[in-house]
Structure formats: structure tokens, C-alpha cells
Amino acid sequence: MLSEKNLHKIEELKKSYPTSQALVLPVLWMIQEEHGYISEESMKYSAQLLDVPFGHVLGVVTFYTMFHSKPIGKNHIEVCTNVSCMLRGSEKIVELLEKRLGIGLGETSKDKKWTLSEVECMGSCGTAPMLAVGEEYHENLTPEKLEKILSDLELK
Amino acid sequence: MQKLILPNIPGLHTIDVYESQGGYKAFRKALGMKPEEVTDEVKKSGLRGRGGACFPTGLKWTFMPKQTTKPKYICVNGDESEPGTFKDRQIFEFNPHLLIEGTLIGAYAMGVTTSFIYVRGEYGKWIRLLEKAIADAYAKGYIGTSILGSTFSTNIVVHKGAGAYICGEESSLMNSIEGMRGYPRVRPPFPAQFGLWGCPTTINNVETMCNVPLIIDHGWEWYSKIGAPKHPGPILVGISGHVNKPGVYELPTGVPLLEIIYKHAGGVPGDKKIKAVIPGGSSTMIMRGDQLEGACMDAESLKAAGSSVGTAGLIVMDEDTDLMKVIARISMFYYHESCGQCTPCREGTGWLWKILKRFEKGEGRAGDVDLLMDIANNIEGNTICALGDAAAWPVQSMIRRFRDEFEKRVKTVPPRMEQEAAA
Ligand SMILES: Cc1cc2nc3c(=O)[nH]c(=O)nc-3n(C[C@H](O)[C@H](O)[C@H](O)COP(=O)(O)O)c2cc1C
Ligand code: SF4
Ligand code: FES
């Protein structure tokens, strides 16, 4: 389920925390990074690995919005619509995204290439409007910039 | 003013440049002092927390028990999810060693064995930058066992969040580090007595910690003379919305809001008038544009103006802004982020949002404004954590200061139709 490298990292992390339960978030992050999402099977695996109940892991996965219990599109586009972004035109960005990708907020395209999510403030209010693709932030968006981002992703 | 937290020095994020600029000098100095002396210095400096509540930092540190057999912890709060706030990210990117140095000094002063720096999960890129800086500081012997030949040992660990605003609330943050859902805890007991794993814990914001080396390096007297006397120091003001040059500006506390907007952020595009300002992140009370004269970015001044400093995330709205849209969006945020433990917050935030959506669409009903006020008043002060208050304040202040905007959006139904609808 997890690579040797990550298993080693877990052993290292254990030294920093007094309980193994504290490793639930770090382990879930590792699983999501390796597999793209956190399946029920991997939740069971994490529970066993850290000696916590399965229900506990499930509870954690469902609480945090960044953990996905189902596969998502290859490109996860997160667009902020909170106040500062709204004041600088995020509505237009959302409209363009929906038109260009043919999906609405919260949806994944049929070919599993795109998932479009509306998100809360991402800490880019001074460079609004913004969107993130995975860990990559794209800021000060304009329609032209948006088109370039999407066509670059399409080629990947 | 000379920039102290985010000086414009190329390569400052690397340990070599940081050291060449006098970095870790303050930590060395602290190691030569008694721990109580360090805390005392911070206390006398007047430093107040930059995470939202402006709580005196030195005083908070004195709450940590001295005689205890338990390990002690620091949580550095880098959850930074309050809408309008984007300053801590600048520290991770441009001056991570200042944060590490401040944390180390705090750890020494309070006898802390491990400090956890909790960073929001979305900041993956910045987490890696911070982790690199920490690894370099370990390699140079600033973190670890018998630091710099002293008897002091301490560790620093980065903990990655996973997208929950509520985890910025200090007790929720601790539960998150413990590997649980981010549910805030009922207090008392307070973290200094019963924090992480039941041990004494102090929680401080990222920017707060960055002020500590400055205080130790230059002395409390020097520090206390920067900015507003009762809330001194440099402050990172993040300005967004309708201004020509949005961004993070390091300024002395007490700087007039109008100066921030017009002098530093280049004024409003198209020279439009300012309709409203949110001074310190979406949880703080909204102010009218004609209320800004004389209002300054410090706790006393903004309190007098009927708002607060919060995270110093200033959001500017020009005369054409649809405030009903703004307040509906803010309420949606709190509804979305409520953890659901307390009924007034869980239910109330949803009701507020639902009613405000009616106003956004121009379909407000007679009596809705009073209903909104009533709901907000019933959330405020009746919940486990301050998210409830944070959801109530924007609505209350919007009604108090912009009642006319609500009234314009009430759909007037002919009396007979209203009777029919009620039937
Ligand atoms: C809902 C909620 C969210 C919060 N989010 C943050 C945050 O992201 N960062 C932060 O430093 N403080 C946040 N706080 C404030 C913390 O609870 C705490 O007061 C602060 O971290 C203490 O640090 P300071 O004394 O240095 O300001 C939040 C509080 C609440 C109620
Ligand atoms: S006030 Fe809201 S967010 Fe805070 S504990 Fe209660 S339900 Fe959760
Ligand atoms: S409001 Fe969009 S990044 Fe802050």
C-alpha cells in the first residue's frame, strides 16, 4: 500500500509524536499522494498500521475536505470564490472554467481528466482571482492566462 | 520604517544569508539568559498575538507551569485560512528562519521539548520550503540535542493540515495534531494546563513568533516604541479587494487605514469611493467607507471604531460593490466551516446563509432583517469556540451599518398576495 520510502518515513515520524494516532493525518497524506485518493481498503490498512479503529480513520477522512475517498480527475482545479477573489472577478473565472471544461462546480468530467471544485480562501487574496491545480497556485488570473493554463494542462 | 519581518534581502530564506544578516544571534543571546528573563522581556515589549485575538504574548507564556514532570509543547499556528489573510505564507517563503528562531526562543523560555508548526494543507509548496529551512537549522545545530553546546534540547516538527478552517482555532488545532477530527475543545481546562496529549501547551501565530527574535535582539524598550504604544511592533497588513496594489505590507501598528489604502496600496481603481472595509479578515466587523477617517490598525483604535484588528487582512470594497453578495458569501463560508458540534452554530450559520441568499436575489422578506439579527445574537457567545462569534459579527455589523442595503432588497409583495401565501 505504501512505498518503502514512506514506511521508513513513518518510522522516523513515530519518534516525534507520543502516540501512533497522531500519525493518522501524515499517513493519509502519504496514501493520497501515492494513490490519488483514499480507498476504504487503504483506510483499513492505515487503521491497522497505526493501531486505531477503522471508524476513527473514516471519521478523519470525511472531516477534512482535502482528503478524497473517491478517485478524482487527473487535473484537480480548485477555484476560490471567497470575498477577496469575488471582488476581483472570480465569478467570471468560474463561468469560463465551466464553459471550457463542460462541467460544473463539484463535478468530474466523463473522461476523468478534470475535476472542478469551488474552494474557500486559499491565502492568495492579494493576488486574486486565483485557482490551484494540485499544489500549483495560479494567481492574478485573466481570461487569457486561464486559457493558457488549461491548454498547457491538456498537453500534459 | 525599516522592514524587520520581511526585509527585502535576496536569498534571506537560506540559512547562510540569514546568518550573515545576524540571524540566530538573538537565539544565542537568549541561551545566555535565564528562561524567565526571556519571557519577561517578551512581556515588557508589549507584543500581542497576530493570530486574531491580540492576546499579550508574554503573559500567555507565563501561564505555562514551571514545575511539571510532563513534556511541554508549542503549537505554531500557520493554518492561515481566515478569508482576507495571506501574510504567514510570505514568512514561510521569504523568512522561514526568523520563524524557526522565534520558535526556538519560545521553546527555551518555556522549557518546551517539541514545537509543532501546523500549516494548512493547501500550502504544500510552502511546507516544503519550511521543511528545508528546518533541516538546515538541524544540520547547523540550532535544533536538536545540546543545542550550541548548551544543555538545552528541543525539536521542531511540521504538521500538515488537510483543508479545515476550524483547525486554526487553537483547541481544534491540537486535536488535529493528535490525529483526530478538528473539533474544538471545551475550556477550561486551558491549553497551558491541559493541551496536546494533556500536557502544557502554548499556541502562537506564525507572525507572532517572528517578532520574538526582534525583541530579544534589540531589547523590549526598543520594540515597545514601534507603532501604537498599547499594541506595538511591526505588523503585516494584507490588503485585498478594490485597491490598485493589493499585497502584504509591513507597517508599524497604528498606521491609519486610509494611509494603508491610499499611500501603500495605491488607492481605489478608477478613483471610486470606498463603500465598505473589512479591517482584519472576514470575521471582523465591517466598517462604512465614511467611518475610516482616524481609524488605525491597532487594537485600541479599531475597537473604538467598532471593529477589530483580527489578522490585519484588510478588504476594500468600492462604491459599486453589492454588499448583499458579500455578506451572503461570507455566511456561506462559516456555514461550510462550522464543525457542527454546537447547535446554535451548526443550525444558525445555515439559516443566516439561507436568508442572506434571499437578499442577494432581491427576495428578502419583511421581518427578515430582524430575524437575521435575532439568529446572529443567539449564536454569539453561546458556542464552544469563537467560530460562532465570527459568523455572527459580520452579519450584525452589516445590518447595523448598512441597513438601507438590506431594505433595498426586500421584495414588496402586495398585501393580499401575502395573505394568500400565508394561507
Ligand atoms: C475559527 C477560528 C480560526 C482561527 N484560525 C487561526 C489561524 O488560521 N491562524 C492563527 O494564528 N490563529 C487562528 N485563530 C486564533 C487561534 O485560536 C489562537 O488565538 C491564535 O493562534 C493564538 O496565537 P497568537 O496569540 O499568537 O495570536 C482562529 C480562531 C478561530 C476561532
Ligand atoms: S462554534 Fe461552531 S465551529 Fe466552534 S465548536 Fe461550535 S459548532 Fe464547532
Ligand atoms: S479570497 Fe480567494 S484566496 Fe483569499
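Modeller: One term before we start: a residue is called buried when its relative accessible area is under 20%, exposed when it is over 50%, and partly exposed in between. Also, keep in mind that this is a predicted model.

Biologist: Thanks. What does B:Arg48 count as, buried or exposed?
Modeller: B:Arg48 has a relative accessible area of 16%, so it is buried.

Biologist: Which side chain does B:Arg48 meet in a salt bridge?
Modeller: That of B:Glu300, at 3.4 Å from N to O. B:Glu300 lies in helix H12 (residues 299-304) of chain B, while B:Arg48 sits in the loop between helix H3 (35-45) and helix H4 (57-62), so the pair ties together parts 252 residues apart in sequence. B:Glu300 is partly exposed, with a relative accessible area of 37%.

Biologist: OK, and what about B:Glu207, which residue does it form a salt bridge with?
Modeller: With B:Lys87, and the closest N and O atoms are 2.9 Å apart. Here B:Glu207 belongs to helix H9 (residues 206-218) of chain B and B:Lys87 to the loop between strand S1 (73-78) and helix H5 (88-94), so this pair ties together parts that are 120 residues apart in sequence.

Biologist: Is B:Glu207 buried or exposed?
Modeller: Buried, at 1% relative accessibility. B:Lys87 is buried as well, with a relative accessible area of 2%.

Biologist: How many salt bridges are there over all chains?
Modeller: The count comes to 38. There is also a network of salt bridges linking A:Glu33, A:Glu135, B:Arg128 and B:Lys160.

Biologist: Switching to chain A: how many helices and strands are there?
Modeller: Chain A has seven helices and five strands. Its domain assignment gives domain 1 (4-63) and domain 2 (75-155), and the centres of those two domains are 30 Å apart, taken over C-alpha atoms. Of its 156 residues, 51% are buried.

Biologist: And where do A:Glu40 and A:Lys44 lie?
Modeller: Both are in helix H3 (residues 40-50) of chain A, four residues apart, about one turn of the helix. A:Lys44 counts as partly exposed, at 46% relative accessibility.

Biologist: Last one: which residues gather in a patch of positive charge on the surface?
Modeller: B:Lys354, B:Lys357, B:Lys361 and B:Arg365. Among them, B:Lys354 is in helix H14 (residues 343-360) of chain B, and it is exposed, with a relative accessible area of 54%.

How values were computed: Residues are numbered from 1 along each chain as its sequence is written. Chains are lettered from A and ligands numbered from 1 in the order in which they are written. This is a predicted model: local features need pLDDT of at least 70, side-chain atom pairs count only at pLDDT 80 or more; totals for chains, interfaces and linings use all residues. Side-chain values use heavy atoms; hydrogens and water are left out. Patches are made of residues with over 30% relative accessible area and no salt bridge: like charges are joined within 9 Å, nonpolar side chains (Val, Leu, Ile, Met, Phe, Trp, Tyr) within 5 Å. Accessible areas come from the Shrake-Rupley method with a 1.4 Å probe; for residues, only the protein chains shown count as cover. A salt bridge is a side-chain nitrogen of Lys or Arg within 4 Å of a carboxyl oxygen of Asp or Glu. Lys and Arg count as positive and Asp and Glu as negative; His and the chain ends are not counted. The place of a charge is taken as NZ of Lys, CZ of Arg, CG of Asp or CD of Glu. Helices (H or I, at least four residues) and strands (E, at least two) are DSSP runs, numbered from the N terminus. Buried means under 20% relative accessible area, exposed over 50%, partly exposed in between (1.4 Å probe, protein chains only). Domain bounds come from an automatic or database domain assignment.
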